[in-house]
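Subject: The structure for you to look at

Hi there,

Here is the structure I promised to pass on.

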Amino acid sequence: MSYLLKMSENDKPGGNDGDASVVLETKTKTQRPPLYKVLLLNDDFTPMEFVVHVLERFFGMTHAQSFELMLTVHKKGVAVVGVFSHEIAETKVSQVMDFARRHQHPLQCTMEKE
Ligand code: TYC
């Protein structure tokens with residue numbers, strides 16, 4: 001919470017000596033919830049088509065978007081695949097990790113505060 005010194009018409013800049021028109025206002029700051037980046041990591045074994053499928057299935061991307069982002073991860077080693085609230089990010093990471101494990105691929109997905 002912060003306080004604002006409000007100047008009235010007859011206030012001179014720089015001074016409010018004994019001025020009865022000084023008003024203290026409370027300014028309510030809306031807190032945005034923190035956001036989390038979901039990251040996909042490259043590895044040498046997970047098939048490209050599996051990663052494309054993961055991005056389509058869990059991140060709502062088109063095949064073209066998924067293919068492009070998969071190639072970015074493949075070339076750069078890591079990429080942000082989405083930004084979400086803490087709860088949604090955790091769910092995405094779990095979904096990807098569970099799906100990869102079930103298919104016996106070493107694909108890694110993590111999250112970090114933005
Ligand atoms: N590097 C993998 C391959 O050549 C493909 C891959 C891309 C794996 C993205 C993981 O997050 C990944 N088969």
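**Layout**

Please keep in mind that this is a predicted model. The chain has three helices and five strands, and along the sequence they come in the order β-β-β-α-α-β-α-β. Of the 114 residues in the chain, 28% are buried. If you take the contacts between residues at least 6 apart in sequence, 62% of them join residues at least 24 apart.

H1 has twelve residues, and its first and last C-alpha atoms are 16 Å apart, close to the expected 16 Å at 1.5 Å a residue. Its buried residues are Phe 50, Val 51, Val 52, Val 54, Leu 55, Phe 58 and Phe 59. These buried residues of H1 pack against E3, H2, E4 and H3. Just after H1 comes Gly 60, with a positive phi of about 60°.

Ser 66, Leu 69, Met 70 and Val 73 are buried in H2. They sit on the same side of H2 because they cover an arc of only 105° around the axis. The face turned away from that buried side carries Ala 64, Glu 68, Lys 75 and Lys 76, which are exposed. E3, H1 and E4 are what the buried residues of H2 pack against. Gly 77 follows H2 and has a positive phi, near 100°.

H3 has 17 residues and reaches 24 Å from its first C-alpha to its last, close to the 24 Å expected at 1.5 Å a residue. Buried in H3 are Ala 89, Lys 92, Val 93, Val 96, Met 97, Phe 99 and Ala 100. Their arc around the axis is only 165°, so they lie on the same side of H3. Glu 87, Arg 101 and Arg 102 are exposed on the other side of H3. The cover over the buried residues of H3 includes E3, H1, E4 and strand E5 (108–113).

**The core**

The largest nonpolar core has 25 residues, and those with the most contacts inside it are Val 38, Leu 40, Leu 55, Phe 59, Val 81, Val 96 and Leu 107. Strand E3 (36–41), helix H1 (48–59), helix H2 (63–76), strand E4 (78–84) and helix H3 (86–102) each supply at least two of its residues. H1 gives the most to this core, with seven residues.

Leaving aside its neighbours within four places in sequence, Leu 107 is in contact with Leu 40, Leu 41, Asp 43, Thr 46, Phe 50, Val 51, Val 54, Val 96, Met 97 and Ala 100.

**Around the ligand**

Which residues surround the ligand? They are Leu 40, Leu 41, Asn 42, Asp 43, Thr 46, Met 48, Val 51, Met 70, Val 73, His 74 and Leu 107.

Some polar distances to look up in your viewer:

- An oxygen atom of the ligand lies 2.8 Å from a backbone N or O atom of Leu 41.
- A polar backbone atom of Asp 43 is 2.7 Å from a nitrogen atom of the ligand.
- A polar backbone atom of Thr 46 is 2.9 Å from a nitrogen atom of the ligand.

**Two loop residues**

Thr 46 is in the loop between E3 and H1. Is Thr 46 buried or exposed? Thr 46 counts as buried because its relative accessible area is 11%, and the cut-off for buried is under 20%. The side chain of Thr 46 reaches the backbone nitrogen of Leu 107 at 3.3 Å. Beyond its neighbours within four places in sequence, Thr 46 is in contact with Val 51, His 105, Pro 106 and Leu 107.

Gln 104 is in the loop between H3 and E5. Most residues other than glycine have a negative phi. Gln 104 has a positive phi of about 60° although it is not a glycine. Gln 104 is exposed, with a relative accessible area of 74%.

Happy to go through any of this with you.

Best wishes

Terms used. Residues numbered from 1 in each chain as written. Predicted model: local features only at pLDDT ≥ 70, side-chain atom pairs only at ≥ 80, totals over all residues. Heavy atoms only, no water. Core = buried A, V, L, I, M, F, W, Y, C linked by side-chain atoms within 4.5 Å. Buried < 20%, exposed > 50% of the residue type's maximum accessible area, 1.4 Å probe, protein only. Helix = DSSP H or I, 4+ residues; strand = E, 2+ residues; numbered from the N terminus. Contact = heavy atoms within 4.5 Å. Expected span 1.5 Å × (residues − 1). Arc of directions from axis to C-beta. Near = heavy atom within 4 Å. Polar contact = N/O pair within 3.5 Å; in protein donor to acceptor, adjacent residues only side chain to side chain.
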